[in-house]
Protein chains: 2
Amino acid sequence: MLTRVRAYLSAEKADAIIVPSNDPHFGEYVQEHYCTRALLSGFDGSAGTLVITLSEAALWTDSRYFIQAGTQLQGTGIELMKMGVEGVPDIASWLNDRIDNGGTILLDGTLFSAAEYASYCNKLKARVMGIADPFDDILPERTPLYFRPVILQKESYAGLSVAAKRKLVFSEDPTDIKICRILVRCDDIMWLCNIRGSDIDYNPVALSYALVFRDRILLFANGESFEEAALDYLSSQQVEILAYSSFYDVCEEMAGDDSIHFLSPATSTSMRLESIFAKAKHFSYEPRAEGEVAYRKSIKNQVELEGFRKANLLDGIAWCRILKYIEDNISGGTLNEYSIARQLIAYRSTSPYYRGESFEPIVALNANAASAHYSATSDEEAAVVTAQGFLLIDTGAHYPFGTTDTTRTIPLSELTPTQIADYTAVLKGMIELSMASFVKGTTGYQLDIIARQPLLSRGRLFFHGTGHGIGHYLCVHEGPQSVRMDRDSGVALLPGMVLSNEPALYLEGEYGIRTENVLVVEPFTENEFGTFYRFDTLTLVPIETSCIDREQLGDECVRWLNDYHDNLYKKIAPHLNDEEAKWLKNKCRPI
Amino acid sequence: MLTRVRAYLSAEKADAIIVPSNDPHFGEYVQEHYCTRALLSGFDGSAGTLVITLSEAALWTDSRYFIQAGTQLQGTGIELMKMGVEGVPDIASWLNDRIDNGGTILLDGTLFSAAEYASYCNKLKARVMGIADPFDDILPERTPLYFRPVILQKESYAGLSVAAKRKLVFSEDPTDIKICRILVRCDDIMWLCNIRGSDIDYNPVALSYALVFRDRILLFANGESFEEAALDYLSSQQVEILAYSSFYDVCEEMAGDDSIHFLSPATSTSMRLESIFAKAKHFSYEPRAEGEVAYRKSIKNQVELEGFRKANLLDGIAWCRILKYIEDNISGGTLNEYSIARQLIAYRSTSPYYRGESFEPIVALNANAASAHYSATSDEEAAVVTAQGFLLIDTGAHYPFGTTDTTRTIPLSELTPTQIADYTAVLKGMIELSMASFVKGTTGYQLDIIARQPLLSRGRLFFHGTGHGIGHYLCVHEGPQSVRMDRDSGVALLPGMVLSNEPALYLEGEYGIRTENVLVVEPFTENEFGTFYRFDTLTLVPIETSCIDREQLGDECVRWLNDYHDNLYKKIAPHLNDEEAKWLKNKCRPI
């Protein structure tokens, strides 16, 4: 295949092409059609960038994938470039060593943000040329794009009509100018149009673009995949469906309309879109980096929040069953990581509302849990779960009224004092953040240290974020808010925002501990000092108390935990049979 | 005087002049000579900007000074502009309403940073012209500049020679280029040159500028004020003294030397300096915003840190005496806020090392403590201290080996449950921050919420920073590090940095509570997760325990407090007489 790419480069008089991992919608998951980097290189991890020159090829990926990429690239002639390892050049310097001023480097202009493109232009000696996707011709074996059914997300779940959402999205704009918001993120479009799709794994979205006006929406999608109810509803809400493939042409045409002020989120404006709208009389980035739609979407309304509570109730029931199932079967030697994941799905599936997993389930024993993003995908590769050490389970589900994301770490045997102290520190961080209060204007970056303090005081640290936003029957990772120490989103937390709370600890070769609940920001009080917010917890899954150091956890956190279990028991027990309820009663007893 | 300014403006064919509060050294305090805004307006608060046009004049100040400025401006014809109050225009829009494109607005180019100047140029319609200080001619009544004795700061206090400090300051620069660092901040210069002055209230600095090379320093100061030992030392350390007034001329001349790379801190480069060095072949801002010298100065060496401990020991002894003195005399009706401040100074003065207060002492009873920066300056205006409510004392002193800054809030009577809860919340915040651990790279902005959490959970907030850097026998407020919620200094905390820790609560018309210790960052541990730091406490002043809600404070904080008092007693008691030691023993008993 590389030979064909090189023939194409020669024909185009170009010297190299850069192939990234993402699709033009800048989402977390990508349909197979867009996995050209994987197709060309054989490396199918989620993150990696392939660069092909006329005589060489190299693939950049991060530490999570060094081993996998090393194996998969063997014999391909593609060199593995380990990002972050000392002495490994970045893409630009590697290219600059090979291609000079006179050269030309190609990239698909829809797959790079305008900022990434500008950065390449700055760094590379050669000319960087944005092109349209060239691979339909070069790679006939490529999986064709597919469009699966699109359904209506009823207002009884969504809480607001499309017309009301349009109004919300434009509520801060001057009324005397004609504004058009450009959307390429599928989840923004699903939320705004009250529809859901199934074109992408785990993310219930349809491949789509949209141009959003105050009084109507142009939705670029595959109209044939829409159920009748969705079509009727959209037409009643001034949403016009145009062909998915016509998006860029319509943009080109519309950019000539001098009366329109175009707005696009800085983080999802591709080089191609920017070059189209550079010609428009009025074009600028959205004042909020991820755009007004993403921002409004992140502030859940009361109906959505009630839905989240219902989703967490249903999910809590399934979680109780899987936790009991593990306890009941642990000594039999029949459990493995993959079978546990399947069993949890089976429990969830007993609810007619279950709409699938919100991400690939993680069930990881001891050292497996210390590797980021470990998932066993078959019984063969899964570790057999025996009564030894820690088992980490991180899974979530979609329900039409909400999405869940929960992690529990279960002790399978007597633990060492260090293990108990680590488990307690992770839990204490989770609880401290759950109890936090803050003043209007506070960002997750400012709150992050609260969740880390108990670990930091033991000289320990986890390197991922503490919290991410969660979509409403949408993507389990949703912006723009977050709780992180490595970068400040600049997004102040507001009532209605839903966030995960997942401190963790990973000891390589030994074990991983993570305890994750989902929080919602709610009003606390308002007085002469300001407007204050706090969190409420949505998750209803028992937390293992047998391995807590009570003194280390501290009275305040103990009180929180006992209250949490008391509330959980009252909500979940009525949905369990007697034996299950008795089991839960024991799990929820105060410490 | 305004008439004379207007005559000057007419003669210069200008329409207005902007007169700020600061001097060309951008320090916190200003010698009277530079207080032209106060002289012209009659308003002598620390912050305010006066604008004089040919027919009008207005003064902008912040809420701390609304009342004082209102009184002092009466009858001057100068309008008070209350900053932050809705409907009050900022300086630029006020000027734009009065002076058009053709106009000219003057400002002293040494008193505005290049960034402030650029901002005025952007916002103002009129031309903005930087001029030299015009007030020597206009205001003959102006206090002349004075230069008081400059003494050597012995290496036994400073810990490093000037040569060693030069080496440190240039340690990250390429060795093959000739670098000249431009310094206008007097405390940077004092630190670098191992000297101290007394030209400014509370800040033991001499008015000075410096041009710093790898192998020598040009020090612009009044050489005649230097003691012999200082002159000898400086000459041995390749420091050449030039006239204070020749600084800008020497800069002009030196800017023509194409072999020199000039570096200046962005935060203290005046418009005038920038315009001089704009002509230089190589000029840029220091990579660190406050400059390399300020950064190196902030990381105290072991000798400086030992000095801080000694300073806090001496100050702790004086504090114990004043606290006992208040207890002993409270019922007599003879104490007032001012007399307590004087008495503390008297106790401090018994040490031969005492070198004066590090800022104007704050002794404030009940509602007085709820006003920011309240200081009684005579017996007449001071409130009589009786056994009722809270007394807040915030003072610090200079010793040749270190500077202190301590706040204690003392209950003078039985308190209400709310007062106890507020006191406990403030103290808990102070202790939580004292106990914090963090990973290398963490800034004060990220830690700030730890100190605020106990107050936030009560829906309360203080609006100043939680912590500021503290100079070593230098300015009590020293950058570049800080612990704040309103802006991120971007400066990661490093071992050796000294910071105040002063959560507070102000209830207007009722009381103010603040508890302040001084912390030093120290190494904690280093392992596979990273390099960790924590704080050690330098302050040795008992904290009132009679008004603590023990349960609210929590076991961990109680343990910290008991350890703090135990350590304090062991260190201070040997320096007290029997009666004092007995008193301290009682103050330090575990709760």
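The following dialogue discusses how to read several features of this predicted model.

Reader: How is chain B related to chain A?

Author: In general, two copies of a chain are related by a rotation about an axis and a shift along it. Here, chain B is superposed on chain A by a rotation of 180 degrees, with 0.0 Å of shift along the axis and an RMSD of 0.0 Å. This is therefore the relation of a two-fold axis.

Reader: Which C-alpha of chain B is nearest the axis?

Author: The C-alpha of B:Gln446 holds that place in chain B, at 2.6 Å from the axis. As for the surfaces involved, 100% of the contact residues of chain B recur in chain A, and the same surface thus serves both copies.

Reader: How many residues of chain B are in contact with chain A?

Author: There are 24 residues of chain B in contact with 24 residues of chain A. Several elements of chain B each supply at least two residues of the side that touches chain A, among them the strands β20 (437-439), β26 (517-527) and β27 (530-537) and the helix α19 (555-572). The element that gives the most is α17(B), with six residues.

Reader: What is the division of that side into nonpolar, polar and charged residues?

Author: On the side of chain B that touches chain A, 12 residues are nonpolar, nine are polar and three are charged.

Reader: Into which domains is chain A divided?

Author: Chain A comprises domain 1 (2-138), domain 2 (151-298) and domain 3 (302-580). For the pair formed by domain 1 and domain 2 of chain A, the C-alpha centres lie 30 Å apart. Contact between these two involves 15 residues of domain 1 of chain A and 18 residues of domain 2 of chain A. The side of domain 1 of chain A that touches domain 2 of chain A has seven nonpolar residues, seven polar residues and one charged residue.

Reader: Within chain B, which way do the residues of strand β1 (residues 16-19) point, and are they buried or exposed?

Author: A buried residue is one with 20 or more other C-beta atoms within 10 Å of its own. In β1 of chain B, B:Ala16 and B:Ile18 point one way, while B:Ile17 and B:Val19 point the other way; all are buried.

Reader: Which strands pair with β1(B), and in what sense?

Author: With strand β2 (residues 49-53) of chain B, β1(B) pairs in the antiparallel sense over four bridges; in β2(B), B:Thr53 is the bridge partner of B:Ala16. Strand β5 (residues 104-108) of chain B runs parallel to β1(B) and is joined to β1(B) by three bridges. There, B:Leu106 of β5(B) is the bridge partner of B:Ile17.

Terms used
Residues are numbered from 1 along each chain as its sequence is written. Chains are lettered from A and ligands numbered from 1 in the order in which they are written. This is a predicted model: local features need pLDDT of at least 70, side-chain atom pairs count only at pLDDT 80 or more; totals for chains, interfaces and linings use all residues. A residue is buried if 20 or more other C-beta atoms lie within 10 Å of its own, exposed if 12 or fewer, and partly exposed in between; C-beta atoms are placed from the backbone. Two strands pair if DSSP finds at least two bridges between them. Domain bounds come from an automatic or database domain assignment. Two residues are in contact if their C-beta atoms, placed from the backbone, lie within 7 Å. Ala, Val, Leu, Ile, Met, Phe, Trp, Tyr, Cys and Pro count as nonpolar, Asp, Glu, Lys and Arg as charged, and the others, Gly among them, as polar. Copies are superposed by least squares on the C-alpha atoms of residues with pLDDT of at least 70 in both.
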